[in-house]
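Open the model in your viewer and keep the selection panel at hand.

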Amino acid sequence: MLTIRKSNERGHADHGWLDSHHTFSFANYYDEKHMGYRSLRVINEDRVAQGRGFGAHAHRDMEILSYVLSGKLAHKDSMGHTELLGPNEIQKMSAGSGVVHSEFNGSDTEPVHFLQIWIEPKNRGTAPAYEQLKFEAEEKQNKFKVLASSVPTPGAATLNQDAKVSVAELEAGKELSYELGADRHAWLHVIHGEVSVNGEKLSTGDAVAVDSEEVLKIAAQGTPKSEILLFDLQ
């Protein structure tokens with residue numbers, strides 16, 4: 001069964017310096033029908049103006065992933081990390097028992113466009129942890145690149161949850177198959193482009209929840225390249 005979540009159905013907040021789309025309920029956007037999916041709690045698509053950002057704030061008991069689409073994201077946290085994140089990198093912060101961090105546009109001249117993802121942890125009260133991993137663009141070309149997983153995977157962040165997050169960028173006409181398995185669920189988010197998922201057409205910002213489907217067939221259509229995020233969930 002496929003349940004489509006269209007891009008224009010998402011919550012939206014425009015604060016001038018921040019333009020944000022919320023796939024699930026977040027901050028002032030509340031929809032009791034869209035509180036998350038399985039352990040996936042947040043997908044925010046944020047555009048932050050140059051020189052602006054989120055000041056120091058606290059998190060606990062959440063697996064937080066950041067994936068930059070364009071520009072640079074500056075990060076600082078109470079674990080002692082001061083980092084800069086760009087495209088084709090994955091950043092994971094396990095908030096665990098508690099962490100304070102800030103996120104700012106790392107450029108004074110151009111905006112930063114990124115996805116922030118929250119996944120509820122399997123175990124609570126763990127020690128906070130941080131990972132940042134860079135990969136080559138070719139690693140996601142017409143194939144899945146694992147960004148984060150509960151199973152230790154070379155080049156991927158480790159998640160405190162039975163989940164796997166993968167990215168793929170498909171050229172028009174290319175198709176990928178993903179074996180999900182009978183007891184698994186998936187959430188597929190279209191970062192940009194046009195794809196079909198088991199025959200259902202999706203465009204930029206659209207997403208689909210997948211239940212009781214053992215295999216996903218994802219085909220890129222129309223635009224020269226389409227990029228997707230796939231969440232394989234318990």
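Two strands count as paired if DSSP finds at least two bridges between them. Keep that in mind for the first stop, and remember that this is a predicted model.

**Stop 1**

Select residues 73–77 and 99–105. These are strands E7 and E10, paired in the antiparallel sense over five bridges. Now pick His75. Which residue is its bridge partner in E10? The partner is Glu103.

**Stop 2: His59**

Stay on strand E5, where His59 has its place. Is His59 buried or exposed? Its relative accessibility is 11%, and buried means under 20%, so His59 counts as buried.

Show the side chains around it. The His59 side chain makes polar contacts with two others: that of His57 at 3.3 Å and that of His101 at 3.2 Å. Next, draw a C-alpha distance from His59 to Val99. The two residues are 40 apart along the chain, yet these atoms are separated by 5.5 Å. Leaving aside neighbours within four places in sequence, the contacts of His59 include Ile64, Met93, Ala95 and Trp118.

**Stop 3: the nonpolar cores**

Select Leu40, Val165, Trp187, Leu229 and Phe231. In the largest nonpolar core, of 25 residues, these touch the most other members. Several strands supply at least two residues each, among them E4 (40–48), E15 (163–171), E17 (185–192) and E22 (225–233).

Zoom in on Leu40. Beyond its neighbours within four places in sequence, Leu40 is in contact with Phe24, Ile117, Trp118, Ile119, Trp187, Phe231 and Leu233. Another core, of 18 residues, lies apart from the largest one; Leu176, Leu188, Ile218 and Ala220 are among its members.

**Stop 4: Gln161**

Finish in the loop between strand E14 (157–158) and E15, the place of Gln161. Gln161 counts as buried because its relative accessibility is 11%, under the 20% limit. What does its side chain reach at 2.8 Å? It reaches the backbone oxygen of Glu120. Leaving aside neighbours within four places in sequence, Gln161 is also in contact with residues including Ser39, Pro121, Lys122, Ser150 and Gln234.

Terms used: Residues are numbered from 1 along each chain as its sequence is written. This is a predicted model: local features need pLDDT of at least 70, side-chain atom pairs count only at pLDDT 80 or more; totals for chains, interfaces and linings use all residues. Side-chain values use heavy atoms; hydrogens and water are left out. Helices (H or I, at least four residues) and strands (E, at least two) are DSSP runs, numbered from the N terminus. A nonpolar core is a set of buried Ala, Val, Leu, Ile, Met, Phe, Trp, Tyr and Cys residues joined through side-chain atoms within 4.5 Å. Buried means under 20% relative accessible area, exposed over 50%, partly exposed in between (1.4 Å probe, protein chains only). Contact means heavy atoms within 4.5 Å. A polar contact is a pair of N or O atoms within 3.5 Å; within protein, one must be able to donate a hydrogen and the other to accept it, and residues adjacent in sequence count only if both atoms are side-chain atoms.
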